[in-house]
Structure formats: C-alpha cells, structure tokens
Amino acid sequence: MAKPVEINLALQGGGAHGAFTWGVLDRLLEDETLQFGWISATSAGAVNAVALAAGLAEGSRAKAREKMYKIWHAIHQAGVPDLTRLNPFLNGLVRPSQLTTHLATMLSPYEFNPLGFDPLRRLITDHVDFDLIRAKSPVELLIAATHVATGRARLFRQDEITIEAVLASACLPVMHHAVEIEGSAYWDGGFSANPDIVTLASESPIGDTLLVMVSPRVNEHLPTTSRDISNHANRLTFNAPLLRDIEIVTAVRETSGPLLAKGRLAPICRHRFHLIDGGPITGTLNPETTMSPNWDVITYLHGAGRDHAEKWLAVARSAVGRLETVDLANYFFPPVEDGVQFRTVAQPKRQVQRRRMGAKREK
C-alpha cells in the first residue's frame with residue numbers, strides 16, 4: 001500500500017464545466033492514502049470545495065462524494081430558464097430563452113430581478129452544513145471573492161465560510177446582485193483569484209498542491225461573432241488571475257531560489273506543484289454545453305474528470321511529498337515558433353539569450 005501523503009487542492013471556477021472537477025475529486029476521494037490539506041477554490045470550484053469539506057466534517061469520504069453528487073444532480077434538476085437569468089452558476093447550465101438573453105444584456109440584475117432571488121442559496125444550504133464546516137472541517141478553505149470597491153481578492157477562510165461567501169465567489173455581476181458581507185459588496189472570485197495559489201503555497205504547511213484547471217489555456221479560433229467574442233473575452237478575463245499568480249511563483253523562484261529565499265513568499269521556492277488540466281476536454285465541447293442542463297453532459301464531464309484523476313494517480317501520485325510533476329513556467333508560457341520567445345517573468349533572461357544565440361548559429 002502507498003504511504004499516506006497530504007496534498008493541497010487549487011480548484012478553478014468554470015460554471016457547468018466544474019463537473020469535471022467534481023469527477024477529479026470523486027476519484028481522489030477513493031484513494032484513502034491521499035489526505036487533503038488546504039483547498040483554495042473559486043466559483044464552481046468553491047461549490048465543490050464546500051461539499052467536500054462538509055462531507056469530511058461529517059467524518060466520511062463517502063459523505064463527501066454523496067454531497068457532490070446530490071448538489072450536481074440538484075443543479076441539473078433546477079434547469080429552468082427562469083432560474084438561469086437569476087443565478088450566475090445556473091446560467092452556465094441551462095440554455096437561456098431569447099427573452100432571458102435580452103434581459104441579461106439590456107437590463108441589470110437589479111432591474112430584471114429586483115428582489116435578488118437566488119436559487120443557488122437554497123440548493124447549497126439543503127446539502128451543506130456551514131456551521132459544521134466552521135467547527136469541524138479537517139481541511140482549511142480559501143474561498144475567493146472579488147471586493148467590488150477595490151477589485152482585490154478576499155479569501156474567506158474556514159471560520160468565515162458561510163453560504164454568502166460561496167454565493168459571492170460565484171456572483172457574476174451581469175446576472176446577479178452583488179453579495180453583501182460585513183457591509184462590503186462582492187462579485188465573482190474569478191475576477192481576482194481563480195484560484196489563489198500564491199497564498200496557498202506560501203501559507204499552507206503542506207508542501208504539495210494539485211491544481212485542477214477547467215478553462216482552456218488556449219483557443220486558436222479567432223472569434224468573429226458577438227457571442228464568440230464575449231465567450232473568448234470571458235475566458236481571458238477569468239484565466240488572467242491564475243496566470244498572474246504563476247508569474248509571481250516563477251519570479252520568486254528565479255530571484256531567490258530555495259536556499260536563499262526569505263520573507264513571506266519564501267516557501268513558494270520549495271513548494272511542489274502538480275496539475276490536472278481539464279481544458280483540453282472542455283475546449284472541444286460545443287459552447288452550448290455550458291448552458292445545457294442535460295445530465296449526459298454533466299456526467300460526461302464527471303467521467304472525464306475521474307479518468308484524468310486516475311491517470312494522474314498512476315503517473316504522479318508517487319511523487320507527492322518528493323517531487324514537483326509540472327513545470328508551471330514552461331506549461332503556461334511555452335516558447336513561440338521560430339526559436340524566438342517573448343520575455344516574461346516566467347522565462348529567465350539567460351535562457352532566452354541562449355536560445356537566441358543558438359538560433360543565430362543555425363542561420
């Protein structure tokens with residue numbers, strides 16, 4: 001039997017495509033030698049995170065798996081057009097009517113939903129005991145939401161986790177009222193942290209983090225229609241905070257190194273990252289699948305997540321606690337064509353110079 005190890009989780013948001021993350025977690029929970037430390041999560045990732053935490057707080061991995069299933073099944077059953085225009089998370093699951101689309105683009109949620117009705121509130125509270133999470137969760141949570149006034153990320157930790165924190169993390173401002181917490185308004189965490197891996201790597205006592213991505217890193221298709229442009233812009237917007245965090249991680253490692261690093265971010269130099277990337281799966285789906293309540297779509301993504309987790313366990317599980325299994329800099333900032341690279345903090349200057357010199361010699 002494999003030696004028990006601990007690992008953090010970093011769960012990206014992504015609306016309906018969060019079913020992929022559900023599948024990943026569902027499979028990881030079956031491996032009882034893999035213990036979870038901290039979980040940094042945003043939007044759909046936050047929904048999965050609190051379901052997992054609530055089940056573990058009840059003392060059972062089976063409970064965690066059951067809660068995620070029930071929540072996703074409830075999301076499927078709530079596939080009613082009227083609900084989609086009132087909630088950002090459900091909007092990613094249901095095909096909106098033409099009227100709904102016009103309301104979302106022509107009116108603010110304060111106009112078409114003046115009472116702030118939010119079906120996700122009932123859906124989650126029916127299955128998640130937030131009092132129990134705050135009192136007994138064996139994992140530390142970092143749920144990200146965006147402070148409207150400043151645009152900065154607010155990370156709600158275990159003793160602060162409420163239904164409001166989760167709703168704030170999933171609050172798209174074009175679809176729903178801002179969520180007020182302690183007198184401040186919050187929007188979707190994807191604007192500022194999707195998810196926050198810098199805080200996770202610098203503060204958690206656990207030395208390994210598994211990042212589960214949902215959004216495609218690259219889309220080579222040039223959008224030309226209004227809808228495609230909007231979808232593409234949203235993908236860029238919600239991927240940007242993660243790319244920023246990866247550049248910070250790389251810059252700290254370049255400038256300090258594990259032996260010389262000091263200060264608050266020093267642990268980043270020694271932290272080991274791992275990755276399960278669902279982008280190649282979600283990127284091939286018809287855009288309409290993000291608005292479909294079809295249980296087949298949700299279970300397809302769940303199955304794909306389980307399959308990717310199975311492959312990760314077979315290849316990388318033994319490295320947890322010893323070795324990093326993904327080079328974040330090269331994975332997210334690969335060389336461009338013709339031997340020329342863009343200079344970013346993810347690419348050490350000396351490496352760029354060596355490659356350019358090599359290209360000149362070939363000529």
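Buried means under 20% relative accessible area, exposed over 50%, and partly exposed in between (1.4 Å probe, protein chains only). This is a predicted model, in which local features need pLDDT of at least 70 and side-chain atom pairs count only at pLDDT 80 or more, while totals for chains, interfaces and linings use all residues. Residues are numbered from 1 along each chain as its sequence is written, and side-chain values use heavy atoms, with hydrogens and water left out.

**Whole chain**

Of the 363 residues, 53% count as buried. Switch to a surface: the accessible area of the chain comes to about 16900 Å², and 54% of that belongs to carbon and sulfur atoms. Accessible areas come from the Shrake-Rupley method with a 1.4 Å probe; for residues, only the protein chains shown count as cover. Contact means heavy atoms within 4.5 Å. Among contacts between residues at least 6 apart in sequence, 76% join residues at least 24 apart.

**Stop 1: E66 and K70**

Select helix α3, residues 61–77. The side chains of E66 and K70 meet in a salt bridge, 2.9 Å from N to O. A salt bridge here is a side-chain nitrogen of Lys or Arg within 4 Å of a carboxyl oxygen of Asp or Glu. E66 and K70 are separated by about one helical turn because they sit four residues apart in α3. E66 is partly exposed at 33% relative accessibility, and K70 is partly exposed at 37%. By this rule the count for the model comes to 20 salt bridges.

**Stop 2: R27 and E310**

Next select R27 and E310, whose closest N and O atoms are 2.5 Å apart in a salt bridge. E310 lies in helix α15 (residues 295–316) and R27 in helix α1 (residues 18–28), so the pair ties together parts that are 283 residues apart in sequence. R27 counts as buried, at 14% relative accessibility, whereas E310 is partly exposed at 38%.

**Stop 3: R154 and E160**

Move to R154 and E160, a salt bridge with its closest N and O atoms 3.3 Å apart. R154 is buried, with 17% relative accessibility; E160 is partly exposed, with a relative accessible area of 30%.

**Stop 4: backbone**

Now show the backbone atoms. Most residues other than glycine have a negative phi, and most peptide bonds are trans.

Which peptide bond joins N194 and P195, cis or trans? The bond is cis, with omega about -10 degrees. P195 lies in the loop between β6 (184–188) and α11 (198–203).

Select S43, in the loop between β2 (34–42) and α2 (44–57). Phi of S43 is near 55 degrees, a positive value in a residue other than glycine. Is S43 buried or exposed? S43 is buried, with a relative accessible area of 9%.

End at E182, in the loop between β5 (179–181) and β6. Phi of E182 is near 55 degrees, a positive value in a residue other than glycine. E182 is exposed, with a relative accessible area of 66%.

Note on methods. Helix = DSSP H or I, 4+ residues; strand = E, 2+ residues; numbered from the N terminus.
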